[in-house]
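Here are my notes on this model, as numbered points. Please read them with the structure open.

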Amino acid sequence: MKVKYKNKHTVFPYLKWLIIGDNIFKIISALFASTILLLLGLMVYELIKGSWLSIQTFGLDFILGTKWDPAISKVFGALPLILGTAVTSAIALLIGVPISLGVGLALSEYIPKRYGFVISFLVELLAAVPSVIYGLWGMFVLIPFLRDYIYSHIRALFGFIPIFSGPIYGGGVLTAGIVLAIMIIPTVSAVMRDLFMIVPNSQREAIIALGATKLETVKTVVSYTRSGVIGAIILGLGRAIGETMAVTMVIGNRFQVWPSSLFDAWYTMSAIIANELLEATYDLYVSALMNVALALLFITLVINILSRLIVWRTLRLVRGIAKE
Amino acid sequence: MAPKLEVEDLNAWFGTKQVLKNINIKIEENAVTAIIGPSGCGKTTFLRCLNRMHEINPDARVSGKVLFNGLNIYGNGVDPVMIRKKIGMVFQKPNPFPMMSIYDNVVAGLKLNGVRDKKSLDAVVRRSLELVNLWDEVKDDLNKSGASLSGGQQQRLCIARALAVEPEVLLMDEPCSALDPISTAKIEVLIRKLAKTYTIVIVTHNMQQAARVSDYTAFFYLGELIEYGPTKQIFENPKHELTEKYITGKFG
Ligand SMILES: Nc1ncnc2c1ncn2[C@@H]1O[C@H](COP(=O)(O)OP(=O)(O)OP(=O)(O)O)[C@@H](O)[C@H]1O
Ligand SMILES: [Mg+2]
């Protein structure tokens, strides 16, 4: 039986409301989206306002200075913090990226899909664990373990290299790097897995038919998405730089230009803000901490935008080619 | 003349579903053998069993023998990677590597073999692209992406890529199905040219194409080889009723 619909609204009276509802929904989402931009703008504004005193007082010396003396001379220089952030993040990438690459490849290339999803689920669950939990675990499990079973051996073997010498506390630069690595692995490997999964099978078959081994096939998959892989790494870098709680719990929080070894304590930008803001008793001190925050926000924003752009561009490119 | 490929009692499965049943066929050297049959009858699967591509699907299974120059490619200790180097493949949909240049596409297989010498790579690129009649069209754009070419050019690039590793057999799975008539004609001429030095097995849905390019034709139906013989005989004087129905288009 065929029914001729004069007007779909008379047949489905609720559809009209759905369509109106749809428009209202669009407007509301647009409002929310612009709210986020507004919030970001306000945040930047507040940070600049809060940092103004410090910017006026120290200028560029704030970034290049190596002295942080709130008690007597009231001079603030953030270079050691910037270095601490850079080095711990670099260690995190050095350890975390190869592992993430391995996990991503295992999930997309090696493990059959029907088991892979369980691991995928666990990986994503790990990404959702609050960072203070990682910090606690770092303090109570990782630090004693590394101190007693790993660091002493490393020092015994490689102690002649300065970075592996000196006293071992358990916490410190290397521990912070390791905790950060563990924290970025879930996100980075999930992004890498997604990238590898969208590589069309026809690409794998093309190289296999030319006589590629499994390893060579996997290399082809990685090279197919290489720009996205770089984006995923930068994404991990962004997380490592901004991470606060877990780092401050394990790094030792000592302000010094350069640590004596990887086992020594150090400080990062985010850690000093979390630790000293409540103790900051006068305006310039607070402003200096705000200034650190401003620099941190700037760095993480740039890095995040960059990485998202790269990942997004690759996904789009690869999907486009896959569709053709 | 001994056959290049001798298939004996070949069976293939996807999971529990049997898609090839007891195939026996001898494929002649330096000739074009066409595989025809209705959609889903197992043509692609058969082709992929000839260079051990079938097994890369985790559900796939094979039994039987495929003798390549007398050696069973499914024998113990035979490395599928070596087999695939000797028995090349061209797919239905052109699949050049889009992140590589045209040049790198052609030499991708050679690089797997560890060839690094620029001079010999240059020579191979030129020879392979000339063989597929693509050299004149792309010689000034060798650094452009493989994806920048037209569909027909991409397919010829894929053929060049397969030929660059100097296989003895070339398997082609409906290589023209995504192409326009002019590109198709070019590839058909190319297939005839290649048949002088290569053994070619081509799957096609196009009866005229099978008649034009092949020396032998095999008709598959529901996973079985129904009839096999010289192309002329299959098309002019088929012995089996099903074959006749299929080539005259009287098939449901
Ligand atoms: N990856 C797969 N998993 C499960 N079954 C498959 C798979 N690929 C093919 N099949 C099944 O195997 C049978 C043979 O498929 P095959 O692709 O070999 O057919 P074909 O003759 O090449 O068809 P066409 O002419 O449409 O390309 C079909 O019934 C198909 O449903
Ligand atoms: Mg097919």
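1. Start with the strand pairing in chain B. Strand β4 (residues 60-68) of chain B is joined to β5(B) by two bridges, and these strands run antiparallel. Leu67(B) has Asn72(B) in β5(B) as its bridge partner. Strands (E, at least two residues) and helices (H or I, at least four residues) are DSSP runs, numbered from the N terminus. Pairing requires at least two DSSP bridges between two strands.

2. A caution on the source. This is a predicted model, where local features need pLDDT of at least 70, side-chain atom pairs count only at pLDDT 80 or more, and totals for chains, interfaces and linings use all residues. Residues are numbered from 1 along each chain as its sequence is written, with chains lettered from A and ligands numbered from 1 in the order in which they are written.

3. The sheet is open, with four strands in the order β2-β1-β4-β5 (chain B) and antiparallel pairing. Its edges are β2 (17-27) and β5 (71-72) of chain B, each pairing on one side only. Helix α1(B) packs on the sheet and touches β1 (5-14), β2 and β4 of chain B. Contact means C-beta atoms, placed from the backbone, within 7 Å. The direction of α1(B) makes about 60° with that of β2(B); axes are lines fitted to C-alpha atoms, for helices over the stretch in contact, and angles run from 0 to 180 degrees between N-to-C directions.

4. Now ligand 1. Its surroundings include Phe14(B), Lys43(B), Thr44(B) and Asp59(B), counting C-beta atoms, placed from the backbone, within 6 Å. Helix α1 (residues 43-50) of chain B gives the largest share of the shell, three residues.

5. Last, the chain contact. Chain B contributes 20 residues and chain A 16 residues. Elements giving two or more residues on the chain B side are α2 (80-86), β6 (87-90) and α3 (102-112) of chain B.

Terms used
Contact = placed C-beta atoms within 7 Å.
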